[in-house]
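Me: Could you walk me through this fold and tell me what backs up each label?

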Amino acid sequence: MKELLVTLVVFSFWNCGCANRVYRTSCLRVDPKTTVKTAVKTFQVYGMDERERSIFQSAISQLEPEVQKSVKTAVVLSAIDDYFQHGTGMSPGHCHPKTGDICQKRDYDDPMIIWWHEATHAWRARLPSSANDEWEKIAGPVYVNSYGRDRTTEPDYPKDAILREHGSSNHDEDMAIYMEAIYAYVYLDINKFSGVDWKDKRYIQKIRFLYKWGGISKGTLQAVLTLPIQAGFDAGFDIKD
Ligand SMILES: [Zn+2]
Ligand SMILES: [Zn+2]
């Protein structure tokens, strides 16, 4: 068993293709199959024990109705399940955007954050192309398609209104990282915006975009915009509407 695990770890590094992971279209389900209910819908969930169901329930309930509706099923995978089902090993979570299935591996430190991130991928895949064009227009030509780079060293970020190196991959990752940062700030009191230069209006424009398209509530928008306001910057918008 130990040897198998070592082989899997080595293989995982070799097989670290984030694009493959994100764009796979199917998701095999692991037992047990149960449900998690929110005010918006009942989710089929797989592989979750009671504690994991409760974490998923908290995370998904905090998301806006349209984001919740984008998610079809949620799966918690062990490292070995993940390898055999997806052939990956590097990433704590992934989304199957076509189906809206979201998966994460067991025992990561921030399971709530991973659910918020992956649910955002499912939601973004269902936004109209005009919305995606709008995000690209705000962001500008900043994406470097950096999937697969070393995500442990991020000396240069935040910059260019990108919060973390992984967000520089493409606008899908950029948006998911904004959503996880916003929800982490509001619900977990974790500030992933530290070091942001709020003079660059694109940070606020991206946050506003998420509100405009239904990704965050007005209360969440107001809460997160206290950051630039406290830092002495005009949030640039009337946050009452
Ligand atoms: Zn999956
Ligand atoms: Zn992602």
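Reply: Helix α3 lies across strands β1, β2 and β3, at about 35 degrees to β1. That angle is taken between N-to-C directions on a scale from 0 to 180 degrees, with axes fitted to C-alpha atoms, for helices over the stretch in contact. This is a predicted model, where local features need pLDDT of at least 70, side-chain atom pairs count only at pLDDT 80 or more, and totals for chains, interfaces and linings use all residues. Residues are numbered from 1 along each chain as its sequence is written, with chains lettered from A and ligands numbered from 1 in the order in which they are written.

Me: How do you know that the length of helix α3 agrees with its 13 residues?

Reply: The expected span is 1.5 Å times one less than the number of residues. For residues 50-62 that should give 18 Å, and the end C-alpha atoms are 19 Å apart, so the two agree.

Me: What makes F56, A59 and I60 in α3 buried or exposed?

Reply: Buried takes 20 or more other C-beta atoms within 10 Å of a residue's own, exposed 12 or fewer, partly exposed is in between, and C-beta atoms are placed from the backbone. F56, A59 and I60 are the buried residues of α3. They cover an arc of only 90 degrees around the axis, so they sit on the same side of α3. E50, R51 and S54, on the other side of α3, are exposed.

Me: Why are β1 and β4 called edge strands?

Reply: Pairing needs at least two DSSP bridges between two strands. The open sheet runs β1-β2-β3-β5-β4 with mixed pairing, and β1 and β4 each pair on one side only.

Key: Helix = DSSP H or I, 4+ residues; strand = E, 2+ residues; numbered from the N terminus. Arc of directions from axis to C-beta. Contact = placed C-beta atoms within 7 Å.
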